Amino acid sequence: MSVAMPAVDESVLARRAQIVAALRTLVSVDGVIDEVVRMRPYESDALTAYRQLPLVVVLPETTLQVAAVLRWCHANGVRVVPRGAGTSLSGGALPLGDAVLLVLSKFSRILEIDAEDRLAIVQSGVANLAISAAAEPHGLYYAPDPSSQIACSIGGNVAENSGGVHCLKYGLTTHNVLGVRLVTMEGEIVDLGGRAFDSSGLDLLGIVVGSEGLLGVVTEVTVRLLPKPEAVRALLIGFPTVDDAARCVAEVIAAGIIPAGMEMMDRPAIHAAEAFVQAGYPLDAEALLIVEVDGPPAECDELVARIEQLARRNAAQSCRSSTSEAERLRFWAGRKAAFPAVSRIAPDYYCMDGTIPRRRLPEVLQRIRELSQRHGLGVANVFHAGDGNLHPLILYDANQPGQLERAEEFGNDILRLCVEVGGVLTGEHGVGIEKRDLMPEMFSADDLAHQQRVKCAFDPQQLLNPGKVFPVLHRCAELGRVHVHGGAVRFPELPRF
Amino acid sequence: MRPGSENEVLELVREAMARSRRLELRGGGSKRQIGAPLDNVDEIDVLELTGLHGIVDYDPSELVLTVRAGTLWAEVERALATERQMLACEPLDVAATLGDAAGRMTVGGLVASGLSGPRRVVAGSVRDHVLGFRAVSGRGELFVGGGKVVKNVTGYDLPKLLTGSWGRLAALTEVTLKVLPAPEVARVFALKGLDAPLAWQCLARVLGSSVGATAAMHFGPGTVGAESLTVLRLEGFAASVAARLQALQALIGARHELHALSEAEAVGLWGSLASLDVLPPDRPIWRLSVPARQAPSLLARCAAVGDRWLFDWGGALCWLASDVDPERLRTEVAAVGGHAMLWRADAALRRRVPTFHPLPAGLGTLEDRVRRQFDPLGVFATARFAGGAHAH
Ligand SMILES: Cc1cc2nc3c(=O)[nH]c(=O)nc-3n(C[C@H](O)[C@H](O)[C@H](O)COP(=O)(O)OP(=O)(O)OC[C@H]3O[C@@H](n4cnc5c(N)ncnc54)[C@H](O)[C@@H]3O)c2cc1C
């Protein structure tokens with residue numbers, strides 16, 4: 001493991017039996033798992049290179065139980081790691097050896113669909129796709145659609161602020177969540193947001209979404225539902241160079257079109273996908289674009305025509321537009337299967353997630369190719385081209401000594417490159433442990449301190465999911481110190497009227 | 001005090017800390033009549049941020065614009081219009097609602113107040129379009145939050161927290177906004193004489209359909225006319241607006257007569273929404289944020305004879321001009337899961353009644369803790385939003 005986790009608190013390990021017994025009094029009897037074999041399935045999330053057995057697994061069923069568990073852990077100085085479905089790609093749900101793993105899988109009920117005000121209230125363990133399924137009879141759906149949507153939980157989506165292929169037009173999780181019920185580490189239950197569009201006071205909901213399970217445990221989520229579009233059409237466009245494809249993407253947006261989705265694949269990704277699912281991708285293309293538009297049929301037709309024109313102007317070698325739902329799904333089949341397709345050409349792959357200003361794309365891809373040579377590892381690129389979110393898939397073989405480490409170094413170099421050209425470390429997968437130590441590439445010590453102090457407001461003892469997101473675990477007392485320049489402080493905030 | 005650079009802002013905040021002065025952050029001052037009057041002026045300096053001026057970077061095809069916080073919004077709007085783009089949440093210049101002249105709103109003020117216009121019903125609010133910022137916190141430290149690309153989940157989403165924080169956490173010096181293409185065509189339609197429950201129902205049906213209306217409002221009787229007026233806007237490419245209109249007609253045309261408004265009429269209505277000149281000038285104005293379905297019954301319960309109201313966002317935002325007892329209104333609004341902000345009132349009422357709907361105890365404590373992390377000494381705690389126990 002190349003990422004150091006917080007030192008294990010031996011005194012907690014020594015108290016394990018007592019902790020397990022206490023937890024058994026707080027949740028139902030079968031809600032506590034402490035045998036090693038039964039804890040195994042929880043030892044990692046989807047960043048499987050990192051594994052750690054938790055102290056104990058607890059599966060509460062109600063918000064009150066969550067509050068009781070957290071209050072007890074807080075009072076007894078025991079760390080807690082929340083977990084939804086465990087599909088995080090950044091290690092956010094990686095257990096700690098001295099921490100209770102609090103699993104939300106029993107929070108599986110859809111509580112209400114309000115079709116007229118277009119919202120759903122669901123428990124946090126509900127799978128992303130299940131919300132859309134429940135809304136379907138009303139002609140509504142939940143827009144954010146991470147590729148993991150069959151499995152990942154809405155609570156995990158809230159924690160990671162997850163996106164999907166359609167977030168170019170419909171936004172990330174944060175744009176589609178109206179409220180959450182949150183339990184703080186101290187066991188306080190608070191409702192942030194709700195059925196109304198905004199709330200009184202500071203936007204604490206906004207800061208909780210994307211906080212990677214560090215600020216509180218989410219037990220209920222109120223999401224916005226959207227009417228399902230009447231028609232959806234896709235275009236499949238092949239380009240002789242990445243530059244042409246990138247220019248086409250920029251021109252589509254400059255023409256005032258925000259497609260529902262705009263995905264790009266490079267040559268290695270196209271070939272891997274085509275070999276895997278035979279989607280009819282053009283094998284002579286250096287870059288492939290899938291552009292999807294949705295809305296009234298007349299609008300889709302109009303946009304397809306405009307995009308075709310822009311594609312041709314940018315040297316497209318091939319351009320097809322879907323005329324049936326079956327054809328549209330075929331266009332997507334290769335893109336959707338890109339990850340498994342890539343795992344057929346290499347034993348392992350490592351998925352990166354940086355975002356760059358789109359105009360830098362050709363240059364960034366060129367430099368990724370150079371890095372690929374330098375590290376001696378292959379790479380296939382798929383990305384959300386519309387918003388500049390890259391997913392380079394680094395190919396390696398974990399059974400070859402040193403390859404995992406090289407893959408990680410290659411990945412870090414890619415992320416540093418993203419920051420260097422004005423982008424960011426992660427577009428949708430979160431920082432977790434994976435990008436934690438790269439945070440100083442993007443943020444100064446003062447920047448990070450302002451973020452960590454939010455953590456101090458919610459969890460002063462830093463017991464909830466420690467070791468994630470922030471490279472250095474400063475104590476809150478240290479972060480809280482005020483530096484007054486050239487003067488003495490006269491008021492530690494007296495009320496003034 | 002009118003600093004001309006970010007460094008000067010930093011210096012002034014540090015000086016205020018050292019001298020135990022408080023700072024009122026001000027952009028154009030268009031909303032300074034919101035909040036309690038400042039009675040403790042002898043210990044407060046106004047930090048006017050209009051000296052931080054100018055667009056730093058604007059690349060239309062990246063959909064990103066970076067601008068210094070004191071830049072006039074009108075100037076940014078012009079730059080966007082040249083590229084046929086917009087800030088999709090449609091911020092309105094509301095100075096006139098408070099008896100001030102329009103045109104002074106700055107980008108920093110827009111972000112710090114976080115108030116969105118009609119398109120918010122489908123396009124999200126100000127906070128959804130703030131990608132990043134630079135700011136000086138009450139600790140006298142310069143820090144950045146967010147990034148300069150449209151998709152970013154690196155670290156906590158501080159831009160959300162700063163948006164709508166009303167100058168209580170930090171002095172914004174620069175903001176990066178996500179911008180979007182402006183629609184080619186916009187057309188506005190109205191239905192006349194619907195009562196509030198029917199208007200809500202009608203708007204809900206439209207918003208829940210593929211019509212894709214980008215504004216859904218209802219002006220109550222006695223506002224824009226004796227009869228009520230229910231307003232919908234369609235936007236997009238010409239062909240899609242035509243298709244959407246057909247869908248709209250199919251959805252509600254059989255039951256209600258749909259009037260197409262002229263551009264001048266539409267501009268007039270938007271002007272009334274921004275200035276609230278259709279509400280009686282002699283009553284306090286409340287801004288109610290509620291679950292849309294609750295708007296009609298809530299207004300019926302709270303509005304007295306002679307009170308006037310209108311609602312936007314399909315009902316989720318109500319503007320009510322009324323002498324209703326503040327306590328009673330807030331109890332009613334909270335009971336349906338909403339909150340009530342005191343928007344316009346005389347100094348006496350603003351002194352007595354907190355501007356923002358007080359939070360439940362647990363949440364209030366949490367908010368206070370967050371605020372103190374950014375401003376432990378209370379440099380920005382002017383008591384403008386106090387109206388009770390806390391000096392923030
Ligand atoms: C094949 C595959 C494809 C993917 N595709 C995408 C994609 O397209 N877009 C995308 O954005 N992501 C994608 N992901 C990443 C992942 O699915 C998302 O990050 C997802 O939101 C995680 O949800 P989860 O329920 O599995 O959370 P977990 O992995 O269990 O947890 C993730 C983080 O959230 C915290 N957490 C979980 N539940 C709660 C809660 N109730 N309260 C507080 N904190 C909580 C955990 O502590 C952890 O830090 C993909 C993953 C895989 C394996």
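Which side chain makes a polar contact with the side chain of A:Asp294 at 2.8 Å? The partner is the side chain of A:Tyr170. Keep in mind that this is a predicted model. With that said, let's look around A:Asp294 and then visit a few other places.

## Around A:Asp294

You will find A:Asp294 in strand β14 of chain A, which covers residues 287-295. Its relative accessibility is 5%, under the 20% limit, so A:Asp294 counts as buried. Besides the contact with A:Tyr170, the side chain of A:Asp294 has a polar contact of 2.6 Å with the side chain of A:Lys169.

Leaving aside residues up to four places away in sequence, A:Asp294 also touches several other residues, including A:Pro229, A:Ala231, A:Val232 and A:Ala260. Two further ones to look for are A:Glu299 and A:Cys300.

## Where the chains meet

A:Glu299 turns up again here, as one of the residues of helix α11 of chain A that meet helix α7 of chain B. On the α11(A) side, A:Ala298 and A:Glu302 take part too. Across from them, α7(B) brings B:Ala239, B:Ser240, B:Ala243 and B:Arg244. Sorted by class, this contact has three nonpolar, one polar and three charged residues.

How do the two helices run relative to each other, parallel or antiparallel? The axes of α11(A) (residues 297-313) and α7(B) (residues 238-253) come within 8 Å and cross at roughly 170°. Angles over 145 degrees count as roughly antiparallel, and α11(A) and α7(B) are therefore roughly antiparallel to each other.

## A:Arg40 and its partners

A:Arg40 sits in the loop of chain A between α3 (36-39) and β2 (56-58). With 41% relative accessibility, A:Arg40 is partly exposed. The side chain of A:Arg40 is joined to that of A:Glu43 by a polar contact of 2.9 Å. If you move eleven residues along the chain from A:Arg40, you come to A:Arg51, and 9.4 Å separate the C-alpha atoms of this pair.

B:Arg384 belongs to the segment after α12 (361-374) of chain B. This arginine is buried, at 10% relative accessible area. The side chain of B:Arg384 reaches the backbone oxygen of B:Ile34 at a distance of 2.8 Å.

Terms used. Residues are numbered from 1 along each chain as its sequence is written. Chains are lettered from A and ligands numbered from 1 in the order in which they are written. This is a predicted model: local features need pLDDT of at least 70, side-chain atom pairs count only at pLDDT 80 or more; totals for chains, interfaces and linings use all residues. Side-chain values use heavy atoms; hydrogens and water are left out. Axes are lines fitted to C-alpha atoms, for helices over the stretch in contact, and angles run from 0 to 180 degrees between N-to-C directions. Helices (H or I, at least four residues) and strands (E, at least two) are DSSP runs, numbered from the N terminus. Angles under 35 degrees count as roughly parallel, over 145 as roughly antiparallel, 65 to 115 as roughly perpendicular and the rest as oblique. Contact means heavy atoms within 4.5 Å. Ala, Val, Leu, Ile, Met, Phe, Trp, Tyr, Cys and Pro count as nonpolar, Asp, Glu, Lys and Arg as charged, and the others, Gly among them, as polar. Buried means under 20% relative accessible area, exposed over 50%, partly exposed in between (1.4 Å probe, protein chains only). A polar contact is a pair of N or O atoms within 3.5 Å; within protein, one must be able to donate a hydrogen and the other to accept it, and residues adjacent in sequence count only if both atoms are side-chain atoms.
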